[in-house]
Amino acid sequence: MHKLSLNKPINEPIVNFRDDEPSWLAFSKAVAEVPRGLEIPLVIGGKKVFTPTKGKSLNPATRESVATFQEATKEHADLAVKAALEAKPAWAALSPATRIQKFRDLEVVLAKWKFETCATAAVECGYTALETSVSWAEMMDFVRFNSWFYTELLQEKMGDGILETNQLILRPLKGFTCAVTPFNFPIAIGYNLPLVMALTGNTVVWKPSSDAVLTSYLLMLALEEAGFPPGVINFLTGEGPNCLPSVLKHPELTCLNFTGSFATARVFGNTLFNTENHRTNFPRFIAETGGKDFLVAHADIDVKDTATCIVQGAFGRSGQKCSANSVVLAHEDVWPKLKDELVRQAKALKMTNPVERSADLGPVINERAFDKIAGYVDRAKKDPKATLLTGGTFSKEKGFYIEPTLFEVNDPKHELLVEEIFGPVTAVKTFRTLEEAISIIEQHSYRLTGAVISRDESWLEKAIPVLSQLAGNFYVNRKTTGAMVDQQPFGGDGASGTNAKAGGKWYLTNFVSQGAITRRHARSPTPSAFDALKSSSK
């Protein structure tokens, strides 16, 4: 590859729009200008495709239609696969340096569209200005750092053999790849999963969440604006069961990059590795599938600071983060004081339409999620083993709103401590010993994020080595959410996924095929110098 003068990036600063007047004015203007009622096409081989059957994306804060989208079928999926395979030879043949330059072009477009992208996610997915700003900053970090990580990997040096030269090459995967992305981080995760595979020379079939089609389509427009070749990323929308099976069963699929539920990941895995499906390869499967994330609060803590960590970790993005703090294990000696402060801070949060400046949190994403979360709340309110501390009310009259809700439970096996709820509901259980806290965490298999808070270094020295084994990302004296690219590469194992660690250098090795080239420089038998002289004089 030609050399690039590419400096290591710095993380994009996070700006809370509502605390910065120019940013708030720009965000508000963009919110007012978000188009309503557009019809979003499929994009296959760079061409817009429309289907007879449509779906609707609703604003969860108002239940109003934001956009209609196409319900892709098997036939559309087959066309997207064909387009990806046709675009692959030319895209893969480009040098890594050339592809990186194209991603620098994309970076400029994405930066120019900052407020429009954030406003679209706020309107379509119900996220506050702060949450969209965080997501946009993370996405820009992915775009910049992935290019840097790629150059770092390409400079890997091999050991020298005796009279041999060795070379490591990182080539694109064979065939095509697929990205399936979630609603909860439509900018950061939604954009990163297809982009990182394209960066490394692969072509992609991308199926975003039906709750984030307008936000996702902005990336397709940005790719077009940046001059990406048609077919590098192909855009399918609609219900997954209608279009994804033929993609996942295709013999030339070499990688699935997925973020979503554990149950869906199992279905995808069964399809990918079912021996009845013809394969010429072993497809790679990268999955990030959720969490039941814990915070252990020791007896020796700053109560106000700890409550802030819990509230921010539990209720940001209305609890719709795989890293959301849905389990708090509080030492019984400090719990009375912590409870009072926790309830005070949770009650102070303002739940309203997220495009309002005063909003601390907005609605949950759709009616299906609302009904599931409300079911947990209803059951707990009737359960003598659970005590409602705050919240517990919900309404879907105008939007899908569920109050920030805290329960104290006295059953260590309570469903609120074990099952992923994916909403603004957190359960607290007191403990006396570290072993007791560990036993509660070990009841389920999620291993994504966790935290411990204490001012007692002797206790931390015992707790950290054990508790850190129960989370892919573990934090000391801070909240469970907020991983940063290049600082905390993100992912977990167990029921939380394959722990591929997005945001770190080695994440990119999932999307390249490593090759080793060795050249021998000796020949046998070899003439001596004098024999060569004699031979040349004849």
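1. Contact here means heavy atoms within 4.5 Å. In this predicted model, Leu106, Val109, Leu110 and Lys112 of helix α3 meet Leu219, Ala222, Leu223 and Glu225 of helix α7 in that sense. Sorted by class, the contact of α3 with α7 has 6 nonpolar residues, 2 charged residues and no polar ones.

2. Two packed helices are described by the angle between their axes and by the distance between the axes. For helix α3, residues 96-112, and helix α7, residues 213-225, the axes come within 9 Å and cross at roughly 130°. The crossing in which α3 passes α7 is right-handed.

3. The next point concerns the cysteines. A disulfide is a covalent bond between the sulfur atoms of two cysteines. The cut-off used is a pair of cysteine sulfur atoms within 2.5 Å, and by this rule the model has 0 disulfides. Cysteine 309 is in no disulfide: the nearest cysteine sulfur belongs to cysteine 322 and is 19 Å away. Cysteine 322 is likewise in no disulfide, and the nearest cysteine sulfur to cysteine 322 is that of cysteine 125, 15 Å away.

4. Are cysteine 309 and cysteine 322 buried or exposed? Buried means under 20% relative accessible area. Cysteine 309 has a relative accessibility of 9% and therefore counts as buried. Cysteine 322 has a relative accessible area of 6%, so cysteine 322 is buried too.

Notes
Residues are numbered from 1 along each chain as its sequence is written. This is a predicted model: local features need pLDDT of at least 70, side-chain atom pairs count only at pLDDT 80 or more; totals for chains, interfaces and linings use all residues. Side-chain values use heavy atoms; hydrogens and water are left out. Buried means under 20% relative accessible area, exposed over 50%, partly exposed in between (1.4 Å probe, protein chains only). Axes are lines fitted to C-alpha atoms, for helices over the stretch in contact, and angles run from 0 to 180 degrees between N-to-C directions. Helices (H or I, at least four residues) and strands (E, at least two) are DSSP runs, numbered from the N terminus. A crossing is left-handed if the near helix is turned anticlockwise from the far one by less than a right angle, and right-handed if clockwise. Ala, Val, Leu, Ile, Met, Phe, Trp, Tyr, Cys and Pro count as nonpolar, Asp, Glu, Lys and Arg as charged, and the others, Gly among them, as polar.
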